Amino acid sequence: MKVLIVSDSHGLREELKQLKEKYENKVNAMIHCGDSELMANDEEISGYLVVRGNCDYDRQFPLDIKENIDGNKIFITHGHHYNVKMTLLNLSYKAKEVGADFVFFGHSHMLGAEMINGTLYLNPGSLLMPRGRKEKTYAIVEKNDHSITTKFFSDLHEELVDLRQTFTL
């Protein structure tokens with residue numbers, strides 16, 4: 001499994017289009033964790049699994065998505081309903097409830113990846129207004145039979161190698 005995760009693009013169009021052109025045939029799914037500030041029928045967001053963030057007004061976007069990708073249970077949310085700026089506890093309860101192998105979320109604009117009780121929690125940061133680092137970021141997650149690797153990239157598509165993590169299964 002290989003997925004692209006982006007969040008908090010806040011109205012950016014060209015960047016989402018470029019990501020789609022670069023990755024759509026190289027990943028199993030493209031995920032947007034909310035605050036795109038686009039409409040569901042906008043061309044730039046088509047092809048992405050998209051959830052509604054606190055700055056999104058199109059009600060066609062769901063608050064959460066549960067998806068099975070290559071046999072992996074994926075839970076996608078923006079995070080504002082789970083208070084992710086303060087704690088991952090509420091989100092971890094939801095992840096356990098839905099049996100998620102992976103949880104992808106945004107809202108805080110702070111990138112990070114953490115394995116908690118066998119579930120990977122990942123926030124790709126923000127393509128527009130990063131917090132905690134200067135780089136505007138997105139993430140790629142790859143899973144094979146033996147490991148899960150998380151990679152973060154700048155908006156210039158350069159890997160932030162110091163942030164790469166590999167979790168052994």
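Author: Happy to! Let's begin with Thr150, which belongs to strand E10 (residues 147-154). Keep in mind as we go that this is a predicted model.

Reader: Okay, is Thr150 buried or exposed?

Author: Thr150 has a relative accessibility of 0%, so it counts as buried.

Reader: Nice. What volume does the largest cavity have?

Author: The largest cavity comes to about 40 Å³. Its lining is made of Glu15, Gln18, Leu19, Leu127, Tyr138, Asp155 and His157.

Reader: Which helix gives the largest share of that lining?

Author: That would be helix H1 (residues 14-23), with 3 residues. By class, the lining of the largest cavity splits into 3 nonpolar, 2 polar and 2 charged residues.

Reader: New topic: rings! How many aromatic pairs are there?

Author: There are 4 aromatic pairs. In one of them, the ring centres of Tyr23 and Tyr138 are 5.8 Å apart and the planes meet at 70°, so this pair is edge-to-face.

Reader: Why does that pair tie together parts that are apart in sequence?

Author: Because Tyr23 lies in helix H1 while Tyr138 lies in strand E9 (residues 137-143), the pair ties together parts that are 115 residues apart in sequence.

Reader: Are those two tyrosines buried or exposed?

Author: Tyr23 is buried, with a relative accessible area of 8%. Tyr138 is buried too, at 0% relative accessibility.

Reader: Which other rings form an edge-to-face pair?

Author: Phe75 and Tyr82 do: their ring centres are 6.2 Å apart and their planes are at 85°, so that pair is edge-to-face. Both Phe75 and Tyr82 are buried.

Reader: And which rings link into a cluster?

Author: Tyr23, Tyr138 and Phe153 are linked into a cluster by ring pairs.

Reader: Let's switch to helix H2. Which of its residues are buried?

Author: In helix H2 (residues 89-98), the buried residues are Leu91, Ser92, Lys94 and Ala95. Looking down the axis of H2, these buried residues fall within an arc of 160°, so they line one face of the helix.

Reader: And what is exposed on the other side of H2?

Author: There you find Tyr93, Lys96 and Glu97, which are exposed.

Reader: How far is Lys94 from Leu12?

Author: Their C-alpha atoms are separated by 30 Å, and the two residues are 82 residues apart along the chain. Leu12 has its place in the loop between strand E1 (2-6) and H1. Leu12 is also buried, with a relative accessible area of 14%.

Reader: Last topic: backbone angles. What is the phi of Asp8?

Author: As a general point, most residues other than glycine have a negative phi. For Asp8, phi is near 50°, which is a positive value in a residue other than glycine. Asp8 lies in the loop between E1 and H1, and Asp8 is buried, with a relative accessible area of 0%.

Reader: And where is Glu37?

Author: Glu37 is in the loop between E2 and E3. The phi of Glu37 is positive as well, near 60°. Glu37 is partly exposed, with a relative accessible area of 41%.

Reader: What about Leu38, buried or exposed?

Author: Leu38 is buried, at a relative accessible area of 2%. Leu38 lies in the loop between strand E2 (29-32) and strand E3 (48-50).

How values were computed: Residues numbered from 1 in each chain as written. Predicted model: local features only at pLDDT ≥ 70, side-chain atom pairs only at ≥ 80, totals over all residues. Heavy atoms only, no water. 1 Å grid on protein atoms, 1.4 Å probe; cavity = no way out; pocket = protein on both sides within 12 Å on 5 of 7 lines; lining within 4 Å. Points joined across faces, edges and corners; volume = space filled by probe spheres on them. Helix = DSSP H or I, 4+ residues; strand = E, 2+ residues; numbered from the N terminus. Nonpolar A, V, L, I, M, F, W, Y, C, P; charged D, E, K, R; others polar. Phe/Tyr/Trp six-rings, centres within 6.5 Å; stacked < 30°, edge-to-face > 60°. Buried < 20%, exposed > 50% of the residue type's maximum accessible area, 1.4 Å probe, protein only. Arc of directions from axis to C-beta.
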